[in-house]
Amino acid sequence: MKLINPSLLVLSAFVLGGMVFKSTAPTRCATIMPDDHIFVLTGDPRRIPFGLRQMRMHPDTHMYIIGAGAAGHYNTTRPVTVESASKSTYQNAIAVREIAEESGLNRIVLVTSVDHMNRAKYLIHRELPGVDVAPCPVPLNGTPVAKRIERWTTEYIKYIGTLFGIRENF
């Protein structure tokens, strides 16, 4: 009996895992409740405008923009809290944890791009295990197919690294 080539087995596991990774990412925004706290992670230029639209549609929510690139003026009548020191998704999760613990939150709404959602949710759950994280993914509308594949592959590789304990370099 011939054994399966180990390289083929690893490649198959990687591809299958990538398919699971993509298929388990939330694609629709969870219900946003009155007085929810919306956390927008910076990185993709679509995230902040998407988060601001969510805040406008839900007038009793509170909004936080987390991460490098957050500095700026946001055209809104309500205050937006900006944290711009964190420079990685792991540092974003720590910043979210600090705000959530300080504010006594038991639920947050997480806005990030759809390809980034699984890893961001994982890291935030590790930092805030008792807090409900309601996903609100930003779609990749208008992104060419090749760029989408590249983004999903990159996020999947980062997710695998995160599962193995690599947090700071991503």
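**Entry 1: ground rules.** I am working from a predicted model, where local features need pLDDT of at least 70, side-chain atom pairs count only at pLDDT 80 or more, and totals for chains, interfaces and linings use all residues. Residues are numbered from 1 along each chain as its sequence is written, and side-chain values use heavy atoms, with hydrogens and water left out.

**Entry 2: fold.** I looked up the secondary structure and found five helices and five strands in the protein chain. Helices (H or I, at least four residues) and strands (E, at least two) are DSSP runs, numbered from the N terminus. Along the sequence I read the pattern α-β-α-β-β-α-β-α-β-α.

**Entry 3: dimensions.** The C-alpha atoms fill a box of roughly 70 × 35 × 30 Å along the principal axes.

Entry 4: Buried means under 20% relative accessible area, exposed over 50%, and partly exposed in between (1.4 Å probe, protein chains only). Of the contacts (heavy atoms within 4.5 Å) between residues at least 6 apart in sequence, 69% join residues at least 24 apart.

**Entry 5: cores.** I then looked at the nonpolar cores, which are sets of buried Ala, Val, Leu, Ile, Met, Phe, Trp, Tyr and Cys residues joined through side-chain atoms within 4.5 Å. The largest has 20 residues, of which F39, I66, V96, I108, L110 and I124 touch the most other members. Strand 1 (37–41), strand 2 (62–66), helix 3 (89–103), strand 4 (107–113) and helix 4 (117–127) each supply at least two residues. Helix 3 gives the most, six residues. Leaving out residues up to four places away in sequence, I found V96 touching F39, L41, I66, I108, I124 and L128. A second, separate core of 16 residues includes V40, V109, V111 and C136.

**Entry 6: V138.** I placed V138 in strand 5 (residues 132–138). V138 counts as buried because its relative accessibility is 3%. With residues up to four places away in sequence not counted, V138 touches R46, R47, F50, V111, T112, S113 and V114. I also looked up I166, 28 residues from V138 along the chain, and the two C-alpha atoms are separated by 25 Å.
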